[in-house]
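Q: Let's go through the ring pairs in this structure. What is each label based on?

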Amino acid sequence: MVVLVAIFLLTRGNGVGPFGGDNTPPGKVDFKLKGSTFVPTQHQGDKKAQQDAATATANDVRKQLDVLFDTAYVDPGTWGDTGKIKDLYTGGAKDQLDGDIKTLTLGENAGDTYKSVDPRTSNVKVRVLTDARGNAIRASGALTFTALATHDDGTYSEITVTGTVVFVQDGGAWKIEAYNLSRSEKPAKAPAASGSTSPTAEAT
């Protein structure tokens with residue numbers, strides 16, 4: 001059981017948008033599920049029940065990530081406020097939020113630099129640890145979140161957050177008990193007024 005858990009944890013629009021010159025608010029984060037598989041704790045088990053649990057859990061995880069990144073990166077009213085995302089975490093992970101504020105949120109003083117953040121393509125692949133009867137024990141999500149940020153000085157940047165988050169049931173909801181995330185940011189060109197689906201990063 002311990003070995004299996006260790007392996008599990010280590011596996012790792014149309015129209016003018018807010019950056020086209022009008023007042024359209026940024027869109028909502030919408031993680032795309034790139035796969036959901038189960039990791040059984042026993043060789044013998046109900047495979048259908050295990051896969052059904054993996055599918056249902058993966059969708060719950062995806063929805064939690066939508067809420068997390070909407071709150072931490074997109075909504076300017078909650079930029080840099082770890083208190084607004086703490087209920088999505090549990091255990092030791094909750095105690096680390098303030099120390100990782102620059103990765104888990106847009107940043108403590110994000111309002112001094114950024115004007116708005118528009119989410120782009122984001123995806124997650126979920127692996128679910130299950131028992132023989134198909135009960136989900138933990139879920140591990142390998143994610144990529146991308147967004148285009150508008151700065152107060154009129155410049156743009158592409159923000160990318162990648163890594164792994166581990167979820168566990170707590171109070172009837174899936175919450176993050178561990179994470180290994182990294183954030184990168186690079187300059188980007190202003191998007192076209194319409195029909196643009198992703199920013200073009202400037203050469204460095």
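A: In this predicted model, the pairing rule gives six aromatic pairs.

Q: Why is the pair Y73 and F145 called tilted?
A: The ring centres of Y73 and F145 are 5.4 Å apart. The cut-off for a pair is within 6.5 Å, so the two rings qualify. Their planes meet at 50 degrees. Stacked needs under 30 degrees and edge-to-face needs over 60, so tilted is the label left.

Q: What parts does the pair Y73 and F145 tie together?
A: Y73 sits in helix α2 (residues 47-74), and F145 in strand β4 (residues 136-151). The pair therefore ties together parts that are 72 residues apart in sequence.

Q: Why does Y73 count as buried?
A: The relative accessibility of Y73 is 0%.

Q: What makes the pair Y89 and Y179 edge-to-face?
A: The angle between the planes of Y89 and Y179 is 80 degrees, and edge-to-face means over 60. Centre to centre, these rings are 6.0 Å apart, within the 6.5 Å limit.

Q: Where do Y89 and Y179 lie?
A: Y89 is in the loop between α2 and α3 (92-95), while Y179 is in strand β6 (residues 173-188). So this pair ties together parts 90 residues apart in sequence.

Q: Are Y89 and Y179 buried or exposed?
A: Y89 has a relative accessible area of 1%, and Y179 has 17%. Each value is under 20%, so Y89 and Y179 are buried.

Q: Which residues do ring pairs link into a cluster?
A: The cluster consists of F31, F69, Y73 and F145.

Methods. Residues are numbered from 1 along each chain as its sequence is written. This is a predicted model: local features need pLDDT of at least 70, side-chain atom pairs count only at pLDDT 80 or more; totals for chains, interfaces and linings use all residues. Side-chain values use heavy atoms; hydrogens and water are left out. Helices (H or I, at least four residues) and strands (E, at least two) are DSSP runs, numbered from the N terminus. Buried means under 20% relative accessible area, exposed over 50%, partly exposed in between (1.4 Å probe, protein chains only).
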